[in-house]
Amino acid sequence: MAEPMRALCDELIKAVNVMMEAESSQTYRLEALKFIEDFKEKSPFCVECGLQLAEKSQTAVVRHFGLQILEHVVKFRWNNMAPQEKLQLKNCTMGLLSDGTHPILQEECHVKDALSRIVVEMIKREWPQHWPDMLKEMEALTAMGDAQTELVMLVLLRLAEDVITFQTLPTQRRRDIQHTLTQNMDSIFTFLLGILQLHVNEYKKLTKAHWRVGVTTLNTLAGYIDWVALSHITNENCHLLEILCLLLSEPELQLEAAECLLIAISRKGKLEERKPFMVLFDEVAMNYILSAAQSADGAALFKQSSGAVVERRYTFLKRLCQVLCALASQICSLVGSDVEVQVPVNLNKYMEALLAFTTHPSQTGFPSKNDCPGCEFSRVDFDSDEDFNCLFNSFRAQQGETVRLACKIVPFEAFQIAKEWAQHQINTPIDTGNTTPVQWDAMTFFTESVFGQLFKILEKEARPTNFFHDEGMELLQMVVNYETRDPLILSCVLTIISTLFPFVKHQPHFLPQVLYKIFPAITFELVEERKAPRTRAVKNVRRHACSSIIRMCRDYPDFILPCFDMMYAHAKSLFSNEMLLTQMEKCALIEALILISNQFKDYNKQKAFLEELMAPVTTQWLSEEMRSVLWDPATFLAYVGADQVISDLETEDQMGINRSRISFCVYTILGVVKRARWPADPEEAKAGGFVVSTTSDGTPIYKNPCAEPLQALLPNLLALIRTHNSLFLPENINRLSKTFARVYDIMDMEKNYVLGTPQPVLDSYDSPVYRNLVERTQGFFSSLYENCAQEEEEAYEENHVTQEMVEEQLLRLVTREVIDLLSVTCITRKCPELSANKEEADGDEEMVSIDSSQGIQINTPTDELSELGKCLLRSEVLGGNLLPEAVTWIYTSVLKGLQMHGQHEGCSTALTQLAFLIYESLRPRYAELRFVMNQIPDIQVDALEQFDQKAIQPAVTKAGEKKKKEQFRRLIAGAVGKPLGQQFKKEVHIRNLPSLFKKPKPTKDVLENTDSAGLIALFSPDRDNC
């Protein structure tokens, strides 16, 4: 038998080498794989061959394969093995633990891991009922040396992961093992801490083997700290936390110690049980934490040879920062609670440490650059500038929230800091580098956050305001008087002016100076680019100025009303020169003027103004030429130039003026519809002539001053919408020239948005923004489609994009938009105390940048069916029944969805709930649903019959509803699909052992009455090893 066994092992070794060698052909590799898999499934010599291949004389690859064979035997053959065979395999495995590995620093990690997995698989099947002395045997192994101790730590860690974290066992086995672990946790923790202290002491004698054991022990502790009772962590006056703090100063162990400390301090639970965590605020513990941070930072953080970041030390610093943050969470929960925890005496020291981390250079710097110390850290943390930018924006928002909260506590100090910082920037000359705009941006963000909060405080609380008003006006005057030609700094100036604008209400004579400061920014140009496309920074300044004007007119229309004539005259002077403004900028000024005109509170005056304002648009929109363009797709495509073949895309755009005319008309119509309003006060509306009549219950019916001027424009607008939709018909797509064949494709920016991918990071001082003819035309179609749809409260996208992910995401967006359309048309949403002036609740539109320091409080709305909704419900639902085929199709589609997406928990929950509601609601009328249920694989017929009877004759109480849903979930379990990676996976079956939770007889031990006493004896440590 020995010779055939040796030959079989040689064949297995050859097969493993063929699989692992890079030079092997695909054919040989597949043949070797088939041979190995057949051996594992069918050979009766798996244990013998596995043990022989796992011997220390073999190579690491072969030994690992031998251990895999043994693991396969335990996982898939254990239930069919005789007790004596199990005992032999168990004893041989313990022999491998004690004497089957190389010294700790020489042994391969994957071999250690494979050996520990075998032991854990046996524990999952036999402990504690059939292997009661397992923990004692593990403890005995640790006395044999470092290698054995490390293996025991790996076994305990993997056991905790499988039972607690991943829960890869049947429920009863998991409960048995977790219960026994919990019962023995005192001794387990004592054992782990003893091992840790022993090997840390030996490690200090410069023995690397003990360092390896220390690291593994800390990793094992981390696997238990997350779920054990808090009393084990805080036992003996937080002895464990004390050890972890001491280890923070050991370079080779500090990272693992910090991770253990973080897990411990992040634990939730009863406040009384968390009270001992306050020991970490003591002077000694805090000194250990701060000393460790200082020693890991600075020069020690960089490699002397290359200057690159030492990743392990950097990760340790991040863990320490998380530890401090977790401590903050604990102190916020404990101080002021019922457990009577006092504010730590050295809280200032803790706060200084926390603030020190906020100034670490790793907060800033793109990974692709080298212009600041943080770039080196970013290369460790991020794969691209886009990834960095996403996190930085989130970090910046958190900083803003922190500033706002601090301002609520100490508003006077926050005001002074913001004012002094702004004055410093204004008085500091601009340097030749790019640091000044960054400093301005930081100051602006801080100032915006402070004053946004400060104005809320001044409104709500009775505080002396004269000081703030005087000082605020002084600061605003300094900002208004500041002159710069740097577009980035000018954008910051505009933000500060908008932020400080509420101060102007107390000195109205200063309003014209503010407006005259903003107006030139609307037409801002750099001298060198007047004949070239504008840079992105310049475009942002102009857009920002328009946003500021709209916001001021929206929030303070009555205050700005005295300056209406001045603003109107200025706007008309700008409109007279076609080259000064873009179409969007023109529309922004039109919207601003309309917002102020709403304060006329005179229907006829507002109507006359709107007619005058819209006269150029009305004339152009109603012209015969425009009518022919808007009503015919072929003429429309020719008018915008989409049917022309262009050889040079950089040539002058001859048809750009036509596209511009259409866009301006549509933008203007949209702006008028959004902004024109009647007075919010019913009495003012009545006095101004806005009330047409009243409803039967006395509710006034208002007329909008823009209604009459817009009525004449609607036919052409609706024609444009119809024409635009018809552009996707085959005959119209064929009219596109080859130059513009892809002009309907979704734009790259929108594609990134749909997919949720970060937008490319743009340099502040970028080159002028050049777009060729096709890109401009593509943008025209995209924006026109969006604006037309917005005007009828409908927006959707139909783009022939081939990418599967884009199509899937677009389908979701389109579905959502259709549902939104149904919601808008069929449901009336009523908000209590909602002003008739829509702008008060509107968010900033596309021309308006978001004010991060301001929030809008919206009352909770109530929904009810609109008249259209009631009509549709009566005619489509209540008026008739669904066809049986439709019901079957709907229910089958839901079950198919479960089959396709059921492996995802979110999808499974939603689809199961939907299937339950459909079956419960429709089963009494449609017996076809029972036929569908019969087709579900592995469905239990008796259980289905019982459930079906309850569905036909529902009499379930509210208390039994949860049970009924659980029954249904079990019934349709066969319809839930598995992930592709799990569909062909061999099932692992772990048998339950005699329950530990049966009530024992008073005089006898539980294990004495089981039928497994023989197995217990077999697994006794006194038995001979193989």
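This is a predicted model: local features need pLDDT of at least 70, side-chain atom pairs count only at pLDDT 80 or more; totals for chains, interfaces and linings use all residues.
Okay, one definition before we start: a residue counts as exposed when its relative accessible area is over 50%, and as buried when that area is under 20%.

Glu340 sits in the loop between H16 and H17. What is phi at Glu340, and is it positive or negative? It's positive, about 60 degrees, even though Glu340 isn't a glycine.

You'll find Asp938 in the loop that runs between helix H43, 928–934, and helix H44, 941–952. With a relative accessible area of 75%, Asp938 is exposed too.

How many helices and strands does the protein chain have? The count is 47 helices and four strands. The chain has 1026 residues, and 45% of them are buried. If you take contacts between residues at least 6 apart in sequence, 74% of those join residues at least 24 apart.

Leu895 belongs to helix H41, residues 884–901. Its relative accessible area is 8%, so by the cut-off I gave you Leu895 is buried. Which residues does Leu895 touch, once we leave aside neighbours within four places in sequence? Those would be Val932, Ile936 and Ala975. Take Ile936: along the sequence, Leu895 and Ile936 are 41 residues apart, but C-alpha to C-alpha the distance is 8.9 Å.

Now some helix pairs. When two helices pack, you describe them by the angle between their axes and the distance between the axes.

Start with helix H23, residues 487–500, and helix H25, residues 536–555. Their axes are 9 Å apart and the packing angle is about 10 degrees. That's why we call H23 and H25 roughly parallel. On the H23 side the contact is made by Pro487, Leu488, Leu490, Ser491, Leu494, Thr495, Ile497 and Ser498. From H25 you get Ala537, Val538, Val541, His544, Ala545, Ser548, Arg551 and Met552. Sorted by class, that contact has 10 nonpolar residues, five polar and one charged.

Next, helix H30, residues 624–631, and helix H31, residues 633–640. These axes come within 5 Å and cross at roughly 115 degrees. So H30 is roughly perpendicular to H31. Glu625, Met626, Ser628, Val629 and Trp631 in H30 meet Pro633, Thr635, Phe636 and Tyr639 in H31. The class breakdown there is six nonpolar, two polar and one charged.

And the last pair, helix H42, residues 905–922, with helix H45, residues 961–971. The crossing angle is roughly 105 degrees, and the axes come within 10 Å. That again makes the arrangement of H42 and H45 roughly perpendicular. Who meets whom? H42 brings Thr912, Gln913, Ala915, Phe916, Tyr919 and Glu920, and H45 brings Glu961, Lys964, Lys965, Phe968 and Arg969. Here the residues divide into four nonpolar, two polar and five charged.

Last stop, a pocket. Rolling a probe the size of a water molecule over the atoms shows where empty space is left. I want to look at the second largest pocket, which holds about 1,300 Å³ of space. Its lining has 34 residues, and the ones nearest the centre are Phe357, Thr358, Gln363, Phe395 and Gln399. Helices H16, H17, H19, H20 and H21 each supply at least two lining residues. Which of the helices gives the most to this lining? That's H19, with 11 residues. If you want to select it, H19 spans 385–409. By class, the lining has 21 nonpolar residues, nine polar and four charged.

That's my tour. Happy to go back to any of these views.

Key
Residues are numbered from 1 along each chain as its sequence is written. Side-chain values use heavy atoms; hydrogens and water are left out. Axes are lines fitted to C-alpha atoms, for helices over the stretch in contact, and angles run from 0 to 180 degrees between N-to-C directions. Angles under 35 degrees count as roughly parallel, over 145 as roughly antiparallel, 65 to 115 as roughly perpendicular and the rest as oblique. Contact means heavy atoms within 4.5 Å. Ala, Val, Leu, Ile, Met, Phe, Trp, Tyr, Cys and Pro count as nonpolar, Asp, Glu, Lys and Arg as charged, and the others, Gly among them, as polar. Buried means under 20% relative accessible area, exposed over 50%, partly exposed in between (1.4 Å probe, protein chains only). On a 1 Å grid over the protein atoms alone, a cavity is a set of points where a 1.4 Å probe fits but cannot get out, and a pocket is an open set with protein on both sides within 12 Å along at least five of seven lines; lining residues have an atom within 4 Å of a point. Grid points are joined across faces, edges and corners, and a volume is the space filled by probe spheres set on the points.
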